[in-house]
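What follows is a short walk through one structure. Please look over the sequence and the fold before reading on.

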Amino acid sequence: MTRFPKIAGMLLLTLVPFVSAWAQELNCKVQVVSPQVQGSDRHIFETLQNAIFEFMNNRQWTNHRFTPEERIECNMLINITDRVSSDEFKATLSIQVSRPVYGTSYNTTLLNFNDNNFNFRYLEFQSMDFSDNMHQSNLTSMLAYYAYIVIGLDYDSFSDKGGSAYLLKAQNIVNNAQNAQERGWKAFESTQNRYWLIENLLNPAFVPLRSCMYKYHRKGLDEMSEDIVSARTNILEGIEALRPVHNQKPSSYLMQVFFNAKSEEIINIFSKADPSQKKRVVQVLMIIDPANSGKYNKILSGGE
């Protein structure tokens, strides 16, 4: 699979002698920390970190073949906050996903997300079993859920709603986990959890946001090196299309997640725009992203 259509032919020619060098989809860096946990038996956290790394990076999540340089970049920081028993842990997860921008050395953030209910059971050296059809382990279900979210968002950034198949797999994991004791899977537990993240992503009301992911990245950032004015216009149109989403779902979780990843980048993109574009983008951002409204005046002042 080549995620940059413009250079598909070049990549194919370049990689023909190395046809065997296919890789899995993710290049996921994993760090497990436990500063709040007392005790001398800390080797289990190293084992856990290695097990999660292997699970995320060595499992095949799609039926597409990636070359090593095409793997999706993501970072997972798992902070163990409590060891409840020998095999039960309370933790939080921070996950950041990025993708390269065509024609540059710049990587743009697709997701910057915190999950404060990343709780699970784990015995050292246990097998990391997972099935798409049933909830076997809270740990592997959570990891697989985020693997599919990562892939879905990445695919959405390269083709309009291109990640639907993988977002549906994430939703299936949520459905399978409705009887799980651990928190994060159910609608009534919170308005900001794994249930609502995938519900929003697949809710028809949020189709403009998923289309914005494509327009912002593929028709915007990827084309900036060729025509910055046209690319910036495409990004602006994608953002303006989010106004009906805000009107229908004000203060929605997914909009918060999107702008948490993108607000600073948007400021940088439009700080050098022409005055009319600056005015347009600030007007709509003040309405659809009130949490960051204080920052958007930087656009009008050229980023200062």
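For Ile149, leaving aside residues up to four places away in sequence, the contacts are Leu111, Leu167, Ala170, Leu197, Ile198 and Leu201.

Next come two paired strands. Strand S3 covers residues 88-100 and strand S4 residues 107-115; the two run antiparallel and are joined by 8 bridges. Within this pairing, Ile95 of the chain stands opposite Phe113 in S4. The hairpin has 6 residues between its strands, and Gly103 takes a positive phi near 80° there.

The cysteines are another point to check. How many disulfides does a search of the whole structure find? The search finds 0. In Cys74, the closest cysteine sulfur is that of Cys28 at 3.4 Å, which is too far for a bond because a disulfide needs the two sulfur atoms within 2.5 Å. Cys74 is also buried, at 1% relative accessibility. Cys212 is buried too, with a relative accessible area of 1%.

Last is the matter of confidence. Mean pLDDT for the chain is 91, and 92% of the residues reach 70 or more. Over residues 4-20, however, pLDDT stays under 50, and the model has 16 contacts beyond four places in sequence for this stretch. Where pLDDT is low, predicted coordinates should not be read in detail.

Technical notes. Residues numbered from 1 in each chain as written. Predicted model: local features only at pLDDT ≥ 70, side-chain atom pairs only at ≥ 80, totals over all residues. Heavy atoms only, no water. pLDDT = per-residue confidence, 0-100. Contact = heavy atoms within 4.5 Å. Buried < 20%, exposed > 50% of the residue type's maximum accessible area, 1.4 Å probe, protein only. Pairing = 2+ DSSP bridges. Helix = DSSP H or I, 4+ residues; strand = E, 2+ residues; numbered from the N terminus.
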